[in-house]
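Hi there,

Here is the structure I promised to pass on. Have a look at it first, and then read my notes below.

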Amino acid sequence: MTRRIFAGHRVRDLRHVLALGQAEMAARLRISASYLSQIENGDRPITPAVLAALGEAFPADWAAIDPQEETSLLIDAVEAATDPSVPPARIEPEIVRRGVKQQPLLARRMVALHSAFRRSQEQLRVLDDRYDSGSGEPARLPWEEVRDWFHTEQNYVDAIDREAERIGASGEALEARLAERFGVQVATGTGLLRAYDPAARILHVDPSQPPETTRFSIAHQLARLEFAELIGDIAHRGIESAAGRELLSAGLANYAAGALLMPYAGFRAAAREVRHDIDRLRQRFGVSFEQACHRLSTLQRPGAAGVPFFFCRVDMAGNITKRHSATRLQFAQFGGACPLWIVHEAVAIPDRILVQLAETPDGVRYVSMAKGLVKPSGSYIRAPRRYAVALGCEESHAPDFIYADGLRTGGVATPIGTSCRICPRHDCDQRAFPPAGSEIRIDADARGTVPYDFR
């Protein structure tokens with residue numbers, strides 16, 4: 001006899017964590033609001049179909065709230081069975097549910113194979129990066145160590161984030177705390193964005209920078225002093241090289257500064273309230289557009305995760321100078337990103353938001369926005385910094401992403417890739433070179449936009 005699951009309190013907890021109304025959550029689960037109300041009140045059990053829908057619509061959040069082994073297996077199995085990068089066609093969640101119930105060992109094997117496949121794709125991307133960088137050596141540069149450390153941590157550092165949230169949520173002005181606890185005064189200086197004199201206990205900030213940059217400089221200095229021991233301990237445990245530890249310490253101070261200015265719970269709730277409207281968030285928290293985007297990509301707290309976003313910053317030459325992805329999308333680490341991606345156009349058009357519905361070769365679709373930004377240099381003889389930031393999520397999260405409102409989700413998507421060297425598309429007019437390891441075929445009597453084909 002099938003066990004009846006009465007766990008309405010868990011569903012209600014999930015809805016509150018996600019700040020969703022009953023009607024909105026019911027629509028995501030494809031059930032009526034009255035049915036959801038009965039489940040939450042314990043009047044009706046969670047049927048296998050609703051359980052599968054919960055795992056499919058809210059995989060990370062539901063797994064954290066209901067950690068039962070069978071439920072976790074079902075969520076992982078649904079993800080594996082519906083992965084569009086594995087042909088020929090997805091398996092419906094109801095069929096997966098029956099499989100998990102009747103053949104759990106087979107389901108676990110399918111999940112394990114899917115995990116191995118995902119790891120192999122990641123390894124292929126790493127090999128492509130090494131090929132593109134001109135080095136097959138396994139040794140990494142210090143900045144690569146730090147980048148990979150944050151990637152492994154999913155760009156979320158719990159110990160620092162929670163302590164910063166406690167301080168940031170207190171309402172105490174950061175400049176006042178810096179003065180009262182550490183005797184540090186803030187003064188204007190020239191030449192550098194910020195410069196701290198430890199002997200005089202003075203933080204010099206560049207008066208030519210926007211107020212948001214100055215606030216971040218103050219938050220960074222407070223984080224360096226407030227979390228010195230914690231940051232040092234994390235850096236020494238996480239990175240082997242001395243230079244890498246110094247870079248990681250700076251990165252952790254920047255992370256803490258963002259968490260001080262945008263405390264986790266308050267920022268996450270506000271983000272859901274305004275459907276991740278960056279301009280409204282930056283005005284509410286007094287931060288820059290880039291800072292708000294970056295903070296959204298760090299909301300990965302277990303049990304209270306935000307929408308899984310990817311975030312990156314691209315310069316005028318197409319180099320990706322910041323990157324993080326909580327989605328299945330991964331970036332080329334040494335440049336060479338797909339020219340069809342909207343972020344490259346945004347670099348040339350500052351202060352204008354561009355949106356895009358894109359699809360990667362594995363069949364996963366993403367909604368993203370990109371905006372070109374200009375940072376002043378404070379001098380005519382120094383060119384301002386021009387770059388673009390991009391933020392996006394998988395199409396399934398489009399209802400929570402205001403920038404998707406102008407896109408016809410479910411319609412035609414722009415085909416993008418990670419790098420030409422690992423992109424399998426044959427019909428791309430923007431291809432720079434064939435995939436690594438492919439056999440090139442040239443027809444002397446006919447040519448398309450690209451002068452070769454491959455197999």
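This is a predicted model: local features need pLDDT of at least 70, side-chain atom pairs count only at pLDDT 80 or more; totals for chains, interfaces and linings use all residues.

In it, 3 strands form an open sheet with mixed pairing, in the order E1-E3-E2. Strand E1 (185–188) and strand E2 (194–197) are the edge strands, each pairing on one side only. From one strand to the next, the twist averages 25°. Strand E3 (residues 202–205) pairs with E1 in the parallel sense, over 4 bridges. For glutamine 185, the bridge partner in E3 is isoleucine 202.

**Helix H10**

Which residues of helix H10 are buried? In this helix (residues 158–168), they are Ile160, Asp161, Ala164, Glu165 and Ile167. Looking down the axis of H10, its buried residues fall within an arc of 165°, so they line one face of the helix.

**H9 against H14**

H14 also packs against helix H9 (residues 142–152): the angle is about 45° and the axes are 8 Å apart. Angles under 35 degrees would count as roughly parallel and 65 to 115 as roughly perpendicular, and H9 and H14 are therefore oblique to each other. Their crossing is right-handed. On the H9 side, the contact is made by Pro142, Trp143, Glu145, Val146, Trp149 and Phe150. H14 contributes Ala243, Gly244, Leu247, Leu248, Gly251, Leu252 and Tyr255.

Best wishes

Technical notes: Residues are numbered from 1 along each chain as its sequence is written. Side-chain values use heavy atoms; hydrogens and water are left out. Two strands pair if DSSP finds at least two bridges between them. Helices (H or I, at least four residues) and strands (E, at least two) are DSSP runs, numbered from the N terminus. Axes are lines fitted to C-alpha atoms, for helices over the stretch in contact, and angles run from 0 to 180 degrees between N-to-C directions. Buried means under 20% relative accessible area, exposed over 50%, partly exposed in between (1.4 Å probe, protein chains only). The arc is that of the directions from the helix axis to the C-beta atoms. Angles under 35 degrees count as roughly parallel, over 145 as roughly antiparallel, 65 to 115 as roughly perpendicular and the rest as oblique. A crossing is left-handed if the near helix is turned anticlockwise from the far one by less than a right angle, and right-handed if clockwise. Contact means heavy atoms within 4.5 Å.
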